[in-house]
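Thanks for coming. Please have the sequence and the model open while I talk.

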Amino acid sequence: MALPLTAVTAAQATGTPPPSSPTAPAWVNGWQGSPTAGGTFDPASCPADTGLQNQTVRNIVPISTSGSSVRIRVSNAFGEAPLRVGAASVAVAGQGAAVAPGTLRPVLFSGKPTVLIAQGGEALSDPVRLDVTALQRLSVSVFLPERTGPATQHNNSRETNYLGSSNRTGDANAGPFDRPISCWLFATGVDVAPERSVVGTVVALGDSITDGDQSTIDADQRYPDWLARRFAALPGSKLAVSNAGIGGNELLYNRTPELFGVSAAARFPRDVLTQAGVRAVILTEGINDIGAENARAGDVIEVYKQLITQAHAAGLPVYGGTLVPFGGSNAIYGAAYGTPVADAQRRAVNDWIRGSGAFDGVIDFDAALRDPRDSNRLLPAYDSSDHLHPSDAGYRRMAETVDLDMLLRGALGTR
């Protein structure tokens, strides 16, 4: 894993000046599917364990911001060998696996349609001229001609994605894509050359609550989706939103199964610091450390401090999201989830987030979502029914809790 980036190297990696500069970024990250290893809960719905051969995956991804060109990232971060990409394309998504008429564009890598990606590496495509609008969904298709082995993926995409046999990157219609799947494969990002009002990217780093688990599939109801809607509606300056949530992710451990991702601390340089145009970070992690690992509040806080230090070293403000209630979740998730002992640790973490002054600002998701009659539980209207993850309404309420002016002040260096 790469060492933490300084402000200078972060600027070099993103192709943009440090966040204190008023200069508009050339690129922002409009969508991210943070990569994890190629395991699966259900091979029928996600073949990431075995991977692909002579197949095209069509990933359907929500884009958070408007612009005139895009570039895509294809990842082999967790591959077992170099990865050969035979072709790729991008388009505005249509119905199902179809694309909007007249929008399908081939994607090149250093001027060529094919690319070999080193084990552990990623490929960033050449710019593709394509007008995109905030809140649109894009179709990112990648053809894998050779046996890939376990596929770098994002498991719980909350989108219906598609597989087709052979090279189907140039197909605009849905017919060849006869297999729906539940994960994003190989494609891990779309950068956008933004309109002038977009001053940068805010990265939401988190676990399944940021990733949108239990939200309605194909409806883009994650809290970062709602945050993107709020920014898109703003007159004047706004931010692109990059969702770096991974279901099951933790601060302290590289959790098993591996599709839960390496720890937030380990993936921070890749999923946050090197994202195009990054100007601010929202951190909402720790509930799985407490629930699955019985972690103490002090251990969670120690990692928070490290991430804050790394963000500040890169010139980025970082905002702490409090941990939402999880009372009642033990019956589904076991371990320490929702227990009184674990809830005491959650409350201690939240007290520190609110009172320490270590973060550049606080987003009190706990206060916004808890039941005032039983503060260790989600308000029923905001509970998805598993008592750990919010409902669609809960995710929308999370986004409404975020102070957009606070993020913009931080992104522009005027906090």
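I will go through a strand, a disulfide, some aromatic rings and a pocket, in that order. Keep in mind that this is a predicted model.

Start with strand 15, residues 187–194. One is with strand 1, residues 28–32: the two run antiparallel and are joined by four bridges. To find that pairing on your screen, look at V28, whose bridge partner in strand 15 is V192. The other is with strand 3, residues 67–75, which is also antiparallel and has seven bridges. Here you can look for V74, with A187 as its bridge partner in strand 15.

Next, the disulfide. How many are there in the whole structure? The search finds one. C46 and C183 form it, with 2.1 Å between their sulfur atoms. The pair links distant parts of the chain, as the two cysteines are 137 residues apart. C46 sits in the loop between strand 1 and strand 2, while C183 sits in the loop between strand 13 and strand 14. The link is right-handed, with 100 degrees about the S-S bond. Both C46 and C183 are buried.

Now the rings. A pair of aromatic rings is described by how far apart the centres are and by the angle of the planes. The whole structure has eight aromatic pairs. One of them is F326 with Y337, an edge-to-face pair at 6.4 Å centre to centre and 75 degrees between the planes. F326 lies in the loop between strand 19 and helix 7, and Y337 in the loop between helix 7 and helix 8. Y337 also pairs with Y333: the centres are 5.8 Å apart and the planes are at 50 degrees, so this pair is tilted. Are these two tyrosines buried or partly exposed? Y333 has 31% relative accessibility and counts as partly exposed, whereas Y337, at 4%, counts as buried. Elsewhere, ring pairs link Y304, W352 and F359 into a cluster.

Last, the largest pocket, which holds about 470 Å³ of space. It is lined by 28 residues, and the closest to its centre are F41, N155, N156, D213 and F260. What kinds of residue make up the lining? Nine are nonpolar, 13 are polar and six are charged.

That is the end of my list.

How values were computed: Residues are numbered from 1 along each chain as its sequence is written. This is a predicted model: local features need pLDDT of at least 70, side-chain atom pairs count only at pLDDT 80 or more; totals for chains, interfaces and linings use all residues. Side-chain values use heavy atoms; hydrogens and water are left out. On a 1 Å grid over the protein atoms alone, a cavity is a set of points where a 1.4 Å probe fits but cannot get out, and a pocket is an open set with protein on both sides within 12 Å along at least five of seven lines; lining residues have an atom within 4 Å of a point. Grid points are joined across faces, edges and corners, and a volume is the space filled by probe spheres set on the points. Ala, Val, Leu, Ile, Met, Phe, Trp, Tyr, Cys and Pro count as nonpolar, Asp, Glu, Lys and Arg as charged, and the others, Gly among them, as polar. Two strands pair if DSSP finds at least two bridges between them. A disulfide is a pair of cysteine sulfur atoms within 2.5 Å. Buried means under 20% relative accessible area, exposed over 50%, partly exposed in between (1.4 Å probe, protein chains only). Rings of Phe, Tyr and Trp (its six-membered ring) pair if their centres lie within 6.5 Å; planes under 30 degrees apart count as stacked, over 60 as edge-to-face and the rest as tilted.
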